[in-house]
Amino acid sequence: MSDVVTPPKTVTRTKTERPKLYKVVLLNDDFTPREFVVMVLKAVFRTTEDEASRIMITAHQKGACVVSVYPRDVAETKAMEATDLGRQAGFPLMFTAEPEE
Ligand code: TYC
């Protein structure tokens, strides 16, 4: 028996893909009351009052604002829940979930 150690011919490395993140975007509209938007942001996205106000004002002024980023299923569920709260109250409030570029 020889003492020579033969190195393995192939090295297998498993690459774990980082799950893609999705951003939840708040869209402005002309009808939903500002206080209602702030309430939804606090309830669904667990923001503080100050963060919710800043996000709402940005969407109001610029047309849209990124609320936060999450894995796809979380982003889609939260966008749907938040949009539903508006619909249930009769407002056209709209949140979308979009892949991060
Ligand atoms: N533009 C609405 C108003 O003037 C308030 C509002 C802000 C609605 C942000 C939606 O994403 C929104 N009452």
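Biologist: Which residues of α2 are buried, and on how wide an arc around the axis do they lie?

Modeller: In this predicted model, the buried residues of α2 are Ala52, Ile55, Met56 and Ala59. An α-helix has 3.6 residues a turn, so residues three or four places apart point the same way.

Biologist: Which exposed residues does the face of α2 turned away from its buried side carry?

Modeller: Exposed here stands for a relative accessible area over 50%. On the face of α2 that is turned away from the buried side, the residues that count as exposed are Asp50, Gln61 and Lys62.

Biologist: How far does α2 reach from its first C-alpha to its last, and which residue follows it?

Modeller: Helix α2 runs over residues 49-62 and has 14 residues, for which 20 Å would be expected at 1.5 Å a residue. The helix reaches a span close to that expectation, namely 20 Å. The residue that follows α2 has a positive phi, near 105°, and is Gly63.

Biologist: Which element gives the most residues to the largest nonpolar core?

Modeller: The largest nonpolar core has 22 residues, and those with the most contacts inside it are Val24, Leu26, Leu41, Phe45, Val67 and Phe95. Two or more residues come from each of β1, α1, α2, β2 and α3. With 7 residues, the element that gives the most to this core is α1.

Biologist: Which residues is Phe45 in contact with, leaving aside its neighbours within four places in sequence?

Modeller: Phe45 is one of the residues with the most contacts inside the largest nonpolar core. Once neighbours within four places in sequence are left aside, the residues in contact with Phe45 are Val24, Val40, Val67, Tyr70, Lys78, Ala82 and Phe95.

Biologist: Is Thr32 buried or exposed, and from which residue does the backbone nitrogen lie 3.5 Å from a polar atom of its side chain?

Modeller: Thr32 lies in the loop between β1 and α1, and it counts as buried because its relative accessibility is 10%, where the cut-off is under 20%. Not counting residues up to four places away in sequence, Thr32 touches Val37, Phe91, Pro92 and Leu93. The backbone nitrogen that lies 3.5 Å from a polar atom of the Thr32 side chain belongs to Leu93.

Notes
Residues numbered from 1 in each chain as written. Predicted model: local features only at pLDDT ≥ 70, side-chain atom pairs only at ≥ 80, totals over all residues. Heavy atoms only, no water. Helix = DSSP H or I, 4+ residues; strand = E, 2+ residues; numbered from the N terminus. Expected span 1.5 Å × (residues − 1). Buried < 20%, exposed > 50% of the residue type's maximum accessible area, 1.4 Å probe, protein only. Core = buried A, V, L, I, M, F, W, Y, C linked by side-chain atoms within 4.5 Å. Contact = heavy atoms within 4.5 Å. Polar contact = N/O pair within 3.5 Å; in protein donor to acceptor, adjacent residues only side chain to side chain.
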